[in-house]
Amino acid sequence: MSPRSASVNEELRRRSRERLLHAAVELVGEHGYEATTLGDIADRAGSARGLVSYYFPGKRQLVQSAVHRLMHRTLEEALEREPRTDDGCERLARAIDAILGLARDRPVLMRQHMAGLLQAEGLVQCPEQRRLSELLSDTVARYGSPDVRADYPLLRALLMGAVYAALVPGLAMPIPMLREELFKRYRLDWELGVPPGAGAPAEGACEKDLSRFFATEERPCAAPRARAGERADEEPEAR
């Protein structure tokens, strides 16, 4: 047997990284940041513990990347859902509702994420964060901003502030009130996006299966499934 090709190895690495991101979101959402170890994440992902440091410098970087992936894919799904539209106001309303929806549906995860942003290292630059930034910047541009470079950071700050306000223990503000303020700020009709009570999930009824946001399906270049008892990302090179 010949050694695996570079494309097959790259696919195995991609799938391994996706599993780690997925596991991080699940475990931090279930148990919180401090109670989740890198070993827990590796075990949930079915990966060797040493592989975590191959992809991420530490737990904070892994968790931020995982949450940014969830935010990016949630926003992307909201913007592209049917009926699809190029209307800038509708797309901005969907973006606001998508981010506020994460605060409503995944308070533990988003609270830990906001706390992480206040640590010394601040915002971790990663592919997931860049994709989120690109989507929000495009939303601002489609809304009709004459200066996206100035207006995108403002939208980001307003969304972060709203998420923070929705999640402060003991002082949390109602999400409909925060939505109303953001919609007034951007002159959006209340009926745009997903108004409260018009298709949004009920409190505590968030979707548990997030696997579609962390795709590990095989691609044409993917290697065959590992044999029983083996992990695809740990399979040794054939000699």
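Gly88, Cys89, Arg91, Leu92 and Ala95 of helix α5 meet Asp138, Thr139, Arg142 and Tyr143 of helix α7, where contact means heavy atoms within 4.5 Å. The residues of this contact divide into 4 nonpolar, 2 polar and 3 charged; in this division Ala, Val, Leu, Ile, Met, Phe, Trp, Tyr, Cys and Pro count as nonpolar, Asp, Glu, Lys and Arg as charged, and the others, Gly among them, as polar. Helix α5 spans residues 88-105 and helix α7 residues 127-143, and the two pack at an angle of about 145° with their axes 7 Å apart. Axes are lines fitted to C-alpha atoms, for helices over the stretch in contact, and angles run from 0 to 180 degrees between N-to-C directions. The crossing of α5 and α7 is left-handed, a term for a near helix turned anticlockwise from the far one by less than a right angle, whereas clockwise would be right-handed.

The model is predicted: local features need pLDDT of at least 70 and side-chain atom pairs count only at pLDDT 80 or more, while totals for chains, interfaces and linings use all residues. Residues are numbered from 1 along each chain as its sequence is written, and side-chain values use heavy atoms, with hydrogens and water left out.

The secondary structure comes to 9 helices and 0 strands, in the order α-α-α-α-α-α-α-α-α along the sequence. Helices (H or I, at least four residues) and strands (E, at least two) are DSSP runs, numbered from the N terminus. Among contacts between residues at least 6 apart in sequence, 72% join residues at least 24 apart. Of the 239 residues, 46% are buried; buried means under 20% relative accessible area, exposed over 50%, and partly exposed in between (1.4 Å probe, protein chains only).

The largest nonpolar core holds 60 residues, of which Leu20, Leu62, Leu75, Ile96 and Leu188 touch the most other members. Such a core is a set of buried Ala, Val, Leu, Ile, Met, Phe, Trp, Tyr and Cys residues joined through side-chain atoms within 4.5 Å. Neighbours within four places in sequence aside, Leu20 is in contact with Ile41, Ala42, Ala45, Ser47, Val52, Tyr55, Phe56 and Leu62.

Thr74 belongs to helix α4, residues 59-80. With a relative accessible area of 16%, Thr74 is buried. Beyond residues up to four places away in sequence, Thr74 touches Ala98, Leu102 and Phe213.

The whole structure contains 3 aromatic pairs. One of them joins Tyr54 and Tyr55 edge-to-face, at 4.9 Å centre to centre and 90° between the planes. Rings of Phe, Tyr and Trp (its six-membered ring) pair if their centres lie within 6.5 Å; planes under 30 degrees apart count as stacked, over 60 as edge-to-face and the rest as tilted. Tyr54 is exposed at 54% relative accessibility, whereas Tyr55 is buried at 18%. The rings of Tyr143 and Tyr186 also pair edge-to-face, because their centres are 5.7 Å apart and their planes stand at 85°. This pair links distant parts of the chain, with Tyr143 in helix α7 and Tyr186, 43 residues apart from it, in the segment after α9 (175-185). Tyr143 is partly exposed at 28%, and Tyr186 is buried at 8%.

Met173 lies in the loop between α8 (148-167) and α9. Its relative accessible area of 36% makes Met173 partly exposed. Leaving aside neighbours within four places in sequence, Met173 is in contact with Ala165, Ala166 and Leu178.
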